[in-house]
Amino acid sequence: MSEAIRNPAGPVELEARELSVLYGETRALKYVSLKIPDRQVVSFIGPSGCGKSTLLRCFNRMNDLIPGVKIEGEALFQGRNLYGTGVDAVDVRRRIGMVFQKPNPFPKSIYDNVVFGPKINGYKGDFSELVERSLRQAALWEEVKDRLEANALSLSGGQQQRLCIARALAVEPEVLLMDEPASALDPIATQKIEDLIYDLKQDYTVVIVTHSMQQAARVSDHTAFLYMGEVVEYGPTNELFTNPREERTEAYITGRFG
Amino acid sequence: MTEPVKDAVAVPAAPTPRTNGRPATQFVRPTFAGLQRPSNGSINADESNSAPHPAAQRDPSRFAPRVAQRRFIASAFAALCLVATLIGVVVLAALLIDIFRDGASRLSWSMITGFPSRFADRAGIGPALAGSAWVLALTALFAFPLGVGTAIWLEEYAPNNRWRRLIEMNIANLAGVPSIVYGILGLALFVRVMSLGRSLMAAALTLALLILPVIIIASQEAIKAVPRTIRLGAYALGATRWETIKHQILPVALPGIMTGTILALSRAIGEAAPVILVGALGFVAFIPTNPSDQYTVLPFQIFNWVSRPQTAFHEVAAAASIVLLALLLSMSAIAIWLRNKYTRRS
């Protein structure tokens, strides 16, 4: 088992240590340990219900919002336990941003969507400049620069998702968690999101949950395969897809299940 | 990039039949409450692996479609529903026609602004209209913040346990308590214990209690209708619960809350029974100017005139009813306008 978990070398941004998540009596995530390197892209793959989204949500404490959830073990961000005493989930979520499966812009203007996070977090700079910078980072600026006051819901699905990415980047996080960010989008919008992920890793650590193995193979440096709440295998994406060490990984990536 | 990757993987020892370019699935997915979803792969596999469709062995004798009979039942049901609708519409129309026939001739500006009189041809509804307006404003002032606050607490803060369910059940029950009971409560609590006497304040507080459950339930529904993804989006940006409520949930829920509140308020200004108990007067010859003043309201003024023997007063009552109806209809119209204005956008 241990040689199936190949933690990358170099500075670690996020780490799970014997991390478990319980929904009532069900242990959805079982004693997971892995390290996520700084400014690289890591993807979590696995069949539905394998715990990959649950693991992702541990890193910005979004699981806290689910009633009856219990977390055991540690999730570390830059060496500090996110579930330790004195750590405020509100602060965690500013530093570790998240993009959801379905684009969820607020039903407000494009501008208001971007400035909401910075405003509540007491941003002191120039808001117009921040909006332009965030939208440029999300490769959306050219498409919306003339209609920042338009309702965000008037954008296409792919544009909405890029707006959600811009919104997340506007609070200047260090990590971006993405929960199947392209699964509700068409192939062209998906490609834009993937290109964007590639660009983002210059400045951010990106963790992406995906159902598409092609996507994992295209965008990520490291891939973890989860199955039934456990990390079956974790390693460099190339190795995991070309030379899986676990039979279950091989079965999954060749499409024998999932 | 993926294709060469796949080719490099050793082909499994027992080759599985392929369909639509995908291997067939024999694997049973792990179940996980709430997260499981059907897999495209297995659906495709089932279709292609199962036996040929039994269409080859069709046997019409196994069915008895009786289309004509079913069509008849369908149209009969539609006709019944139409009749049910028409009964309501006809009765309402008859009521309106009757009121208008009696009251339209007495409707005039001097009647709307005038003071009551013991001579029917000089009687006006000025004080009653002003009283209703006062009661409406004061009731809204008390009931809106209390109702919306309760709804926010129940939906956003209260833990989902048996106490919350008990509170919600009781609120739902309170919505069904007859208004006269609220009148008795108002008389005991506001008029006597709080010594507010026969004041606008006592009436407004009583009516506020009466419509509070309706406002709470309507606001809860409006808050519940805000998509969970919006909340999650706000929390994920580091918003606190209050910031999420203030900036994201309330703006979306507000049209629904306003609609519910306006409809509840129109119920309040149509009520006569509770205001009679808390001391509305039958004859008020002044316009109330502050919340501690004595008062009357339109429904009670109408009731007072209708119960007099002279038919001339019945005509004034009908005219006053037209004014009350117009008031209620315009409040409903505002509610509908608000709902349409905001639902079209989202």
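**Architecture of a predicted two-chain model**

Among contacts in chain B between residues at least 6 apart in sequence, 70% join residues at least 24 apart, where contact means heavy atoms within 4.5 Å. The structure is a predicted model, in which local features need pLDDT of at least 70 and side-chain atom pairs count only at pLDDT 80 or more, whereas totals for chains, interfaces and linings use all residues. Residues are numbered from 1 along each chain as its sequence is written, chains are lettered from A and ligands numbered from 1 in the order in which they are written, and side-chain values use heavy atoms, with hydrogens and water left out.

Chain B contains 13 helices and two strands; helices (H or I, at least four residues) and strands (E, at least two) are DSSP runs, numbered from the N terminus. Of its 346 residues, 38% count as buried. Here buried means under 20% relative accessible area, exposed over 50%, and partly exposed in between (1.4 Å probe, protein chains only).

Chain A has ten helices and ten strands. Among contacts in chain A between residues at least 6 apart in sequence, 68% join residues at least 24 apart.

Four strands of chain A form an open sheet in the order β2-β1-β4-β5, with antiparallel pairing. Its edges are β2 (26-37) and β5 (80-81) of chain A, each of which pairs on one side only; two strands pair if DSSP finds at least two bridges between them. Strand β4 (residues 69-77) of chain A is joined to β5(A) by two bridges, and these strands run antiparallel. Within this pairing, A:L76 has A:N81 of β5(A) as its bridge partner.

Strand β3 (residues 41-45) of chain A is largely enclosed by the rest of the structure, because five of its five residues are buried. The cover extends to both faces of β3(A): A:V41, A:S43 and A:I45 are buried on one side, and A:V42 and A:F44 on the other. Four bridges connect β3(A) to strand β8 (residues 205-209) of chain A, the two running parallel, and A:F44 stands opposite A:V209 in β8(A). Strand β9 (residues 222-227) of chain A also runs parallel to β3(A) and is joined to it by four bridges. There, A:T223 of β9(A) is the bridge partner of A:S43.

Helix α3 (residues 110-120) of chain A is mostly covered, with eight of its eleven residues buried. The buried residues of α3(A) are A:I110, A:N113, A:V114, A:V115, A:F116, A:G117, A:P118 and A:I120. Their cover involves both chains: it includes α4 (127-137), α5 (141-144) and α6 (157-169) of chain A, together with α9 (228-236) and α10 (241-270) of chain B. After α3(A) comes A:G122, whose phi is positive, near 70°.

Positive phi also occurs at two arginines. Most residues other than glycine have a negative phi, and most peptide bonds are trans. A:R61, in the loop between α1 (52-58) and β4 of chain A, has a phi near 60°. This residue is buried, with a relative accessible area of 13%. B:R66 has a phi near 40° and is placed in the loop between α2 (40-49) and α3 of chain B. With a relative accessible area of 53%, B:R66 is exposed.

Two further sites in chain B concern its helices. B:A204 lies in helix α8 (residues 200-224) of chain B and counts as buried because its relative accessibility is 0%. Leaving aside neighbours within four places in sequence, B:A204 is in contact with B:V135, B:L138, B:T139 and B:F142. The C-alpha atoms of B:A204 and B:F190, which are 14 residues apart along the chain, are separated by 10.0 Å. B:L95, by contrast, lies in helix α3 (residues 67-103) of chain B and is partly exposed, with a relative accessible area of 49%.
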